[in-house]
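Dear colleague,

Please find below the structure that I am handing over to you. My notes on one part of it follow.

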Amino acid sequence: MTGSKLRAALVALALLQLASLATLASLYREVGALRERIIPHDVKRLMAWTQRYAEKAWLAARAGDWDGARWYARQVQRMAELAAEERVADANGEVGIEMAATLGAVTGDLVAAARAGDAARFERLYGAMLAACNACHVRTEHAFVRIRVPTSDGRHWNQQFGADQAISR
């Protein structure tokens, strides 16, 4: 192959690579646009799961089920991490980064309190977590969503919290 043919082949290859990059960039933009239309539904699901995990962490802790409390508190923490990783957003903006910043430290401490079986610390941190959630709801124009400490004993769940014992009906 002569030098000019080699140059022509390299130019052709470079052009193909540029075309491939342009196609990839176009596809990336299309996926981003589709994702923006889908994500608001994900925000609702993410918040619903976060609330459910938080409630179960409380119920497990109240029953002295520290393994369960730790696991559910970690799930709350993971929901915040996931929201940030996925850059979850709704009509008011990016919720994921806000959620991770709001819940990051307090959920880590909540997990540690559950690991230690420290009921007083867990209760204090749980209250701090709920205050952080509610403050975020106000900042993101969702002040009507007010999360509180569960008042039920958990019987509405089809799950028993606490030590292994016969399942009560």
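Helix α3 is followed by Gly 117, whose phi is positive, near 65°; helices here are DSSP runs of H or I with at least four residues, numbered from the N terminus. The model is a predicted one, in which local features need pLDDT of at least 70 and side-chain atom pairs count only at pLDDT 80 or more, while totals for chains, interfaces and linings use all residues. Residues are numbered from 1 along each chain as its sequence is written, and side-chain values use heavy atoms, leaving out hydrogens and water.

The 22 residues of α3 (residues 95–116) should span 32 Å at 1.5 Å a residue, and the 31 Å between its end C-alpha atoms agrees with this; the expected span is 1.5 Å times one less than the number of residues. A bend of about 45° occurs at Leu 103, taken as the angle between axes fitted to the seven residues ending there and the seven starting there.

Helix α2 (residues 66–85) packs against α3 at about 160°, with the axes 8 Å apart. The two are therefore roughly antiparallel, a term for angles over 145 degrees. Their contact (heavy atoms within 4.5 Å) includes Trp 66 of α2 and Leu 103 of α3.

Helix α4 (residues 119–139) and α3 pack at about 170°, with axes 9 Å apart, which makes them roughly antiparallel. Leu 103 of α3 and Phe 122 of α4 are among the residues making this contact.

Methods. Axes are lines fitted to C-alpha atoms, for helices over the stretch in contact, and angles run from 0 to 180 degrees between N-to-C directions. Angles under 35 degrees count as roughly parallel, over 145 as roughly antiparallel, 65 to 115 as roughly perpendicular and the rest as oblique.
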